[in-house]
Amino acid sequence: MKFNRADRDKIKELAEKHSLPVETIEKIIISPYEFIQEESKRIVFSDGMTREKFDKLKTNFNLPSLGKLYASYFMYNEIQKKKKKN
């Protein structure tokens with residue numbers, strides 16, 4: 001993850017305020033995104049899944065201050081349609 005100048009300034013400010021290394025603050029910021037990326041790779045969206053099977057998958061991630069990231073059954077169906085076309 002790349003940080004812009006304003007982000008780097010804020011990270012430095014937080015590091016000084018909490019007496020932590022800048023690298024530690026960066027890891028704290030990046031960790032939720034790394035977790036979501038790792039967990040998303042583990043989810044297997046097999047072809048032809050029913051709504052019930054899809055709903056059993058853990059496809060929601062809630063990020064405070066950002067909102068909920070989720071995979072919808074609607075988008076799953078749209079991807080399946082495009083796969084069939086090709």
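Select Asn-60 to begin. Asn-60 sits in strand 1, which covers residues 60-63. You are looking at a predicted model. Is Asn-60 buried, exposed or partly exposed? Its relative accessible area is 46%, so Asn-60 counts as partly exposed.

Now show what surrounds Asn-60. Leave out its neighbours within four places in sequence. Asn-60 is then in contact with Lys-68, Leu-69 and Tyr-70. Asn-60 and Lys-17 are 33 Å apart in space. Along the sequence, 43 residues separate Asn-60 from Lys-17.

**Next stop: helix 4**

Select residues 73-85. This is helix 4, and Gln-80 lies in it. How does Gln-80 count, buried or exposed? Gln-80 has 10% relative accessibility, so it counts as buried. The cut-off for buried is under 20%. Which residues touch Gln-80, leaving aside neighbours within four places in sequence? They are Ser-46, Asp-47 and Gly-48.

**Next stop: helices 1 and 2**

Select residues 5-17 for helix 1 and 22-42 for helix 2. Turn the view until you can see both axes. The axes come within 9 Å and cross at roughly 115°. Helix 1 and helix 2 are therefore roughly perpendicular to each other. Helix 1 passes helix 2 in a right-handed crossing.

Show the side chains where the two helices meet. On helix 1, pick Ile-11, Lys-12, Leu-14 and Ala-15. On helix 2, pick Val-22, Ile-25, Glu-26 and Ile-29. Colour this contact by class. You will find 6 nonpolar residues, 2 charged residues and no polar ones.

Stay on helix 1 and select Arg-8, which lies in this helix. Arg-8 has 45% relative accessibility, so it counts as partly exposed. From C-alpha to C-alpha, Arg-8 and Pro-21 are 13 Å apart. In sequence, they are 13 residues apart.

**Last stop: the core**

Which residues form the largest nonpolar core? Select Phe-3, Ile-11, Ala-15, Ile-25 and Ile-30: these 5 residues make up the core. Helix 1 and helix 2 each supply at least two of its residues. In soluble globular proteins, nonpolar side chains tend to be buried together.

Finish on Ile-30. Again, hide its neighbours within four places in sequence. Ile-30 is in contact with Met-1 and Phe-3. Phe-3 belongs to the core as well.

Notes
Residues are numbered from 1 along each chain as its sequence is written. This is a predicted model: local features need pLDDT of at least 70, side-chain atom pairs count only at pLDDT 80 or more; totals for chains, interfaces and linings use all residues. Side-chain values use heavy atoms; hydrogens and water are left out. A nonpolar core is a set of buried Ala, Val, Leu, Ile, Met, Phe, Trp, Tyr and Cys residues joined through side-chain atoms within 4.5 Å. Buried means under 20% relative accessible area, exposed over 50%, partly exposed in between (1.4 Å probe, protein chains only). Helices (H or I, at least four residues) and strands (E, at least two) are DSSP runs, numbered from the N terminus. Contact means heavy atoms within 4.5 Å. Axes are lines fitted to C-alpha atoms, for helices over the stretch in contact, and angles run from 0 to 180 degrees between N-to-C directions. Angles under 35 degrees count as roughly parallel, over 145 as roughly antiparallel, 65 to 115 as roughly perpendicular and the rest as oblique. A crossing is left-handed if the near helix is turned anticlockwise from the far one by less than a right angle, and right-handed if clockwise. Ala, Val, Leu, Ile, Met, Phe, Trp, Tyr, Cys and Pro count as nonpolar, Asp, Glu, Lys and Arg as charged, and the others, Gly among them, as polar.
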